[in-house]
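Welcome, and please keep your viewer open beside this text. We will go from one selection to the next, with a short note at each stop.

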Amino acid sequence: MTDTTGMVRHDAADLAESLLTHDNADLERPFTILTHRRTNSLIERREALRPLYEAIVARIGQPTLLGGTAHGPSVRWNGSERILLLSGDHSKAVLCVHEAQAFVQEEYSRFDSGGLPYTWQLDRHGPGHDHGWTFNGHAPANGWTQTEERLAGMLASWAEHMPLQAPGDWVSFKLWASRDWGRTMIVSFEPTQTNREFYACIDDRDYEQTPERAAQMRARGWQDVDHTGRWYTRLPETDPAAPATLARLIVTDLRARGTVSSHEVSAWDISADDRGELWVPGIGVDVHPRRGEHF
């Protein structure tokens, strides 16, 4: 049994509908729909939120934008005048309704001034209004330590929120470094690969795969090499250290190949099941292509 408490399903659905549609709804007031114990794992938090989330979607429809932060969900339903946001952190999940234009302008200002209101956002062109404010680019990390932290936070967020918001869908990106251009590292979360959900691989075919090379690669954190010369590592989502372990492997390998700064690294082919547009401002490295235009 998970150590969580929260609303029953119909109460959460009633609240969501009321906040989004009733004229006298309390703007900006957060309503806690679920609380977590400090010891709950990401899987326990995910599964505790699942029945409430599904009840809300059944009542008010699919969200306009999916997403998450390094600490909780970031899902929104965009009306013409209001935005309903499901957010929270590792201690709770909350619903809050905002005046739409003021909310998106404030969020854009936070991005522009270095804040990070969400780590990733998935636009599958769900129902609702586009209020015309986007963030162009990424929030750069300050050194390798922060890059590693942001990668770990995003991977953990995907594991906690993607299986709930987009059941069964994988998420993936490629990394290229300017000093080692053309070498592809692939990083992904694949929920259908039970007990092997976190994945990374690197093209190492230009090196002779000797025992000495194998020792070097395993010291970086790679587990094994396939017959084509690509090294890979798979880790289970049930391991609470897996996101940080994979992020450490990524940074260690980049630096071992001569990359001096995370500013020399770009993320490409960022995708969620090849459907919609996945934006990852919290990835810690530059992204290609960047998102939209400033408004």
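What follows is a tour of selected residues and their contacts.

**Before you start**

This is a predicted model, in which local features need pLDDT of at least 70 and side-chain atom pairs count only at pLDDT 80 or more, while totals for chains, interfaces and linings use all residues. Residues are numbered from 1 along each chain as its sequence is written, and side-chain values use heavy atoms, with hydrogens and water left out.

**Stop 1: a patch of negative charge**

Select E28, E81, E99 and E106, which form a negative surface patch. Such a patch is made of residues with over 30% relative accessible area and no salt bridge, with like charges joined within 9 Å. Asp and Glu count as negative here, and His and the chain ends are not counted; the place of a Glu charge is taken as CD.

Now centre on E28, in the loop between α1 (9-21) and β2 (31-36). Helices (H or I, at least four residues) and strands (E, at least two) are DSSP runs, numbered from the N terminus. E28 counts as partly exposed because its relative accessibility is 48%; buried means under 20%, exposed over 50%, and partly exposed in between (1.4 Å probe, protein chains only).

**Stop 2: into helix α2**

Select N40 next, in the loop between β2 and α2 (42-60). At 5% relative accessibility, N40 is buried. Show its side chain together with that of E44: the two make a polar contact at 3.4 Å. The term stands for a pair of N or O atoms within 3.5 Å; within protein, one must be able to donate a hydrogen and the other to accept it, and residues adjacent in sequence count only if both atoms are side-chain atoms.

Then pick E47 and R50, joined by a salt bridge whose closest N and O atoms are 2.9 Å apart. A salt bridge here is a side-chain nitrogen of Lys or Arg within 4 Å of a carboxyl oxygen of Asp or Glu. E47 and R50 are three residues apart in helix α2, so about one helical turn separates them. E47 itself is partly exposed, at 34% relative accessibility.

**Stop 3: salt bridges across the chain**

How many salt bridges does the structure hold? There are 24. To see one of them, select R46 and E237, whose side chains meet at 3.0 Å, N to O. This pair links distant parts of the chain, 191 residues apart: R46 sits in helix α2, and E237 in the loop between β12 (230-235) and α6 (242-256). R46 is buried at 8% relative accessibility, and E237 is buried at 11%.

Move on to R257 and D204, a salt bridge with its closest N and O atoms 3.0 Å apart. Here the partners are 53 residues apart, with R257 in the loop between α6 and β13 (265-272) and D204 in the loop between β10 (198-203) and α5 (211-220). Are these two residues buried or exposed? Both R257 and D204 are buried.

**Stop 4: the side chain of T64**

Select T64, in the loop between α2 and β3 (66-68). T64 is buried, with 9% relative accessibility. What does the side chain of T64 reach at 2.5 Å? That is the backbone oxygen of P127. A polar atom of the T64 side chain also lies 2.9 Å from the backbone nitrogen of N78.

**Stop 5: positive phi in a loop**

Go to the loop between β13 and β14 (277-279) and select D273. D273 is not a glycine, yet it has a positive phi of about 60°. With 23% relative accessibility, D273 counts as partly exposed.

D274 is in the loop between β13 and β14 too, and this non-glycine residue has a positive phi of about 55°. D274 counts as exposed, at 61% relative accessibility.

**Stop 6**

W279 has its place in strand β14 and is buried at 16% relative accessible area. Draw a C-alpha to C-alpha distance from W279 to D130: they are 149 residues apart in sequence and 16 Å apart in space.

Last, select A159 in helix α4 (residues 144-165). A159 is buried, with a relative accessible area of 0%. Its C-alpha atom is separated by 30 Å from that of S18, 141 residues apart along the chain.

Methods
Patches are made of residues with over 30% relative accessible area and no salt bridge: like charges are joined within 9 Å, nonpolar side chains (Val, Leu, Ile, Met, Phe, Trp, Tyr) within 5 Å. Accessible areas come from the Shrake-Rupley method with a 1.4 Å probe; for residues, only the protein chains shown count as cover.
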